Amino acid sequence: MSLDHIKIVPMSEEHIAALAAIEQQCFSTPWSAQSLREELEIPSAVFRVALVDGAVAGYMGMQDAGDVAYVCNIAVSPDYRRQGVATTLIEAQCKIARLMMIRELSLEVRTSNREARALYEKIGFQYIGTRPHFYSHPSENAEIYTLYL
Ligand SMILES: CC(C)(COP(=O)(O)OP(=O)(O)OC[C@H]1O[C@@H](n2cnc3c(N)ncnc32)[C@H](O)[C@@H]1OP(=O)(O)O)[C@@H](O)C(=O)NCCC(=O)NCCS
């Protein structure tokens, strides 16, 4: 499928309600609209939204910490999965990160999250190690991945 219909834009107030709804659909401890809104005020936070035919399909946020950026979250609405939305978001964030002289993108993912791990591995993230009992609700290990830019 062509990816031309996916547009990546900076997150703004108009996206917050739709993104909070996607969070509810995706996670056992979803970010609230308020916590998403707070990211708009943080200079080191780089949040981008994917629009498909104008509709909010997903988002990705990262936190600039010098040489490294930490991926806070990436989520795609169940209605828009397997269309390359997450891949497009990650590629767009990588472009921004390189311009910011960031050398690595680092993230954690639940061990059982096979979809996300497949995504990261396909893009070229390298498995770094395991952080035991990192998550709660339910308790689970985190797998750490890094993409070298
Ligand atoms: C993981 C997630 C972000 C993927 O989003 P997406 O837009 O569907 O991903 P893409 O279409 O860009 O997929 C790219 C590749 O990832 C892998 N992938 C994605 N979903 C997959 C699935 N359900 N099963 C197996 N592999 C999958 C595939 O390799 C896929 O390439 P392909 O479609 O050519 O086979 C999405 O499933 C999601 O939002 N999940 C819930 C939230 C979440 O777990 N976020 C990650 C937190 S660490």
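In the predicted model, A55 is partly exposed, with a relative accessible area of 27%. This residue belongs to strand β3. A55 and H15 are 40 residues apart along the sequence, and their C-alpha atoms are 9.4 Å apart in space.

The loop between β2 (45–52) and β3 (55–65) contains D53. The phi angle of D53 is near 50°, a positive value in a residue that is not glycine. Most residues other than glycine have a negative phi. D53 is also exposed, its relative accessible area being 69%.

A positive phi is found again in H133, where the angle is about 50° although the residue is not a glycine. H133 is placed in strand β6. With a relative accessible area of 61%, H133 is exposed. Strand β6 also holds F134, which is partly exposed at a relative accessible area of 38%. Between F134 and L89 there are 45 residues of separation along the chain, and the C-alpha atoms of the two are separated by 25 Å.

The loop between β6 (126–135) and β7 (140–148) includes P138. The peptide bond that joins H137 and P138 is cis, with omega about -5°. Most peptide bonds are trans.

The space that the ligand takes is the largest pocket.

A backbone N or O atom of V76 is 2.8 Å from an oxygen atom of the ligand. A polar backbone atom of G84 is likewise 2.8 Å from a ligand oxygen atom. For A86, a polar backbone atom is 3.0 Å from an oxygen atom of the ligand. The ligand taken alone exposes 920 Å², and the protein buries 77% of that area.

V76 counts as buried, since its relative accessibility is 9% and the limit for a buried residue is under 20%. V76 and M60 are 16 residues apart along the chain, with their C-alpha atoms separated by 8.8 Å.

Another buried residue is M11, at 8% relative accessibility. The position of M11 is in the loop between β1 (6–10) and α1 (16–26). Along the chain, M11 and V46 are 35 residues apart, and a distance of 8.4 Å separates their C-alpha atoms.

The cysteines were considered last. A disulfide is a covalent bond between the sulfur atoms of two cysteines. The search of the whole structure finds zero disulfides. C72 is in no disulfide, and the nearest cysteine sulfur, that of C94, is 14 Å away. To count as a disulfide, two cysteine sulfur atoms must be within 2.5 Å. The sulfur of C94 has its closest cysteine sulfur in C72, and because the distance is 14 Å, the two are too far apart for a bond.

The two cysteines were also compared in accessibility. C72 is partly exposed, with a relative accessible area of 28%. C94 counts as buried, at 5% relative accessibility. The value for C94 falls in the buried class because buried means under 20% relative accessible area, whereas partly exposed covers the values between that limit and 50%.

Note on methods
Residues are numbered from 1 along each chain as its sequence is written. This is a predicted model: local features need pLDDT of at least 70, side-chain atom pairs count only at pLDDT 80 or more; totals for chains, interfaces and linings use all residues. Side-chain values use heavy atoms; hydrogens and water are left out. Buried means under 20% relative accessible area, exposed over 50%, partly exposed in between (1.4 Å probe, protein chains only). A polar contact is a pair of N or O atoms within 3.5 Å; within protein, one must be able to donate a hydrogen and the other to accept it, and residues adjacent in sequence count only if both atoms are side-chain atoms. Accessible areas come from the Shrake-Rupley method with a 1.4 Å probe; for residues, only the protein chains shown count as cover. On a 1 Å grid over the protein atoms alone, a cavity is a set of points where a 1.4 Å probe fits but cannot get out, and a pocket is an open set with protein on both sides within 12 Å along at least five of seven lines; lining residues have an atom within 4 Å of a point. A molecule sits in a cavity or pocket if more than half of its atoms lie within 2 Å of its grid points. Helices (H or I, at least four residues) and strands (E, at least two) are DSSP runs, numbered from the N terminus.
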